[in-house]
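Please keep the view open as you read.

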Amino acid sequence: MKTASRLKVDPQDAKLVMAHFYVAFISLAIGGMAGLLQVLVRSGLFELPAGIGYYQLLTLHGVVLALVLTTYFIMGFQIAAVSRTSGTLTAVQRKLGWTGFIIMTIGTAMAAIMILLNEASVLYTFYAPLQAHAIFYLGLAFVIVGSWFGSAVILLKYRQWRKENNKAVSPLLTFMAVVNSIMWIVATIGVAATVLLQLLPWSLGLVETINVGVSRTLFWYFGHPLVYFWLLPAYMAWYVIIPKIIGAKIFSDSLARFSFILFLLFSIPVGFHHQLMEPGIDATWKFLQVVLTFIVIIPSLMTAFSLFATFEGYGRSQGAKGLFGWLKKLPWKDARFVVPFIGMVAFIPGGAGGIINASNQMNQVVHNTIWVTGHFHLTVATTVLLTFFGISYWLVPHLTGRILTKEMNNLAITQGVLWFVGMTIMSGAMHAAGLLGAPRRSSFSEYGGSSVAADWIPYQVAQGIGGSILFLSIILMLYIFINLAFFSPKGDQDFPVGEAGHEAEKTPKVFENWKIWIGITVALILFAYTIPFIDLIQNAPPGSKGYKSQTGYVVT
């Protein structure tokens, strides 16, 4: 029988979670403004004032949204999920959580200050030979170390629950948070290594040059599992929370756990598919990691099957007839379902684009074009963020002792639809312009009046229109968040946790044999990276000096 502590997140745990959420949504405001200015500049109809550089904005947008917002939200959500399903955190666990939050926040402030001073305009955070100030790299190292503390909270609570329950099968949400935490810790070892051993000594002037191939390999060792670190919390909501919201049962506890195990095994040794166009890596090893990338598609297809089986099963139980009659039975007036559902739909074209990006021949066509940016905004900025917003609609009032009112619910649906419309216009224009050869990582340019570049301009204007609509959606989301955190009526908002049906199969205990899964993960990583990594070191070209971006131009 469940105890009360497992039905509601403890108020002390809630304060820790909300602290993470406050930073996350402040980041949404800052990063959203930077993104709006970017698309307006790229339209050619707007010039940045006060000497602000385009690449300064690009770095701010990428770091604040892709790293800060996501990491804080995920840590907060996973701590809440564990507190809800495995019991209140102990005083030691909570102290660890606050320690991690403080370290992350100090690091975030350090990195943000360097970006605002134009001392860290380095595109996507660690991309040598672009060089940032040492304080920027140190700040992001603090963010990573702080996140390890948050992950430790989850792992310690899981171990405690297993010990107190005779090593029984753990609650599904807790299990999923554990898998994501393990994947995050293993993946961030790579970026911690390049920061501490390469980027910091280089930016401090202790060494003159950097091995770019090694640096980028370590970054993408981290960079691709980072995508799944974002995605798996969305899957947690899809698998466990959405069924409860619509009144259905979880399709299969075992299938959900197995899909998460597959993500743990295959999400890390696939970084080379981001480096298909880079020299210094033998084609054999690139091919191997492309194959491993396609294996990661399997758990995503398993997830899609499970979700739509849940939806159809629920619809049929409500008397739905015909091939798609079950769609009419879904709760289309409940923002907690509708907004994440929009994210699910966006993942269909987003996932298809990912298959193209990971294919060696097709990657050559789109690699350095804005197609990739469009893909990224479909997957992370739509699928993941809309699911996070959907989680916020019920989790924030649950944590603050308030309720999601009908007015806020309707406003939330409007926010989700606005996001979908804006992103469809912006991302669609990015995909189309990318197929015409429009580059990414560049501000607006007519390329000397080139007729080829002239074909891109209408799409860049469309990106500005879509981005403006997205910014309106961000303003609406911030308004809803503030209302749910501070002004919504007091009440008891449910933390929905789904359950498997009585007829469901028994969950195998092998899923929680971590010696097997972590062992296989390490073996796959060593197999995929050891030989090419040694080759990158032994046969490296002369190292590169640092380049810094000032007012939009890269200079030595």
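1. Arginine 216 lies over the face of tyrosine 127, 4.3 Å from the ring centre. A charge counts as sitting over a ring if NZ of Lys or CZ of Arg is within 6 Å of the ring centre and within 35 degrees of the ring normal. Do bear in mind that this is a predicted model, where local features need pLDDT of at least 70, side-chain atom pairs count only at pLDDT 80 or more, and totals for chains, interfaces and linings use all residues. Residues are numbered from 1 along each chain as its sequence is written, and side-chain values use heavy atoms, leaving out hydrogens and water.

2. Now look at arginine 257, whose charged end sits over the ring of phenylalanine 175, 4.9 Å from its centre. With a relative accessible area of 1%, arginine 257 is buried (under 20% relative accessible area; 1.4 Å probe, protein chains only). A polar atom of its side chain lies 2.5 Å from the backbone oxygen of serine 170.

3. Aromatic pairs number 43 in the structure. Rings of Phe, Tyr and Trp (its six-membered ring) pair if their centres lie within 6.5 Å; planes under 30 degrees apart count as stacked, over 60 as edge-to-face and the rest as tilted. Tyrosine 158 and tryptophan 514 form an edge-to-face pair, because their ring centres are 6.2 Å apart and their planes at 80°. Tyrosine 158 is buried at 7% relative accessibility, and tryptophan 514 is buried at 14%.

4. Finally, find the cluster that ring pairs build from Phe21, Tyr22, Phe25, Phe73, Phe388, Phe481, Phe486 and Phe487.

Key. Buried means under 20% relative accessible area, exposed over 50%, partly exposed in between (1.4 Å probe, protein chains only). A polar contact is a pair of N or O atoms within 3.5 Å; within protein, one must be able to donate a hydrogen and the other to accept it, and residues adjacent in sequence count only if both atoms are side-chain atoms.
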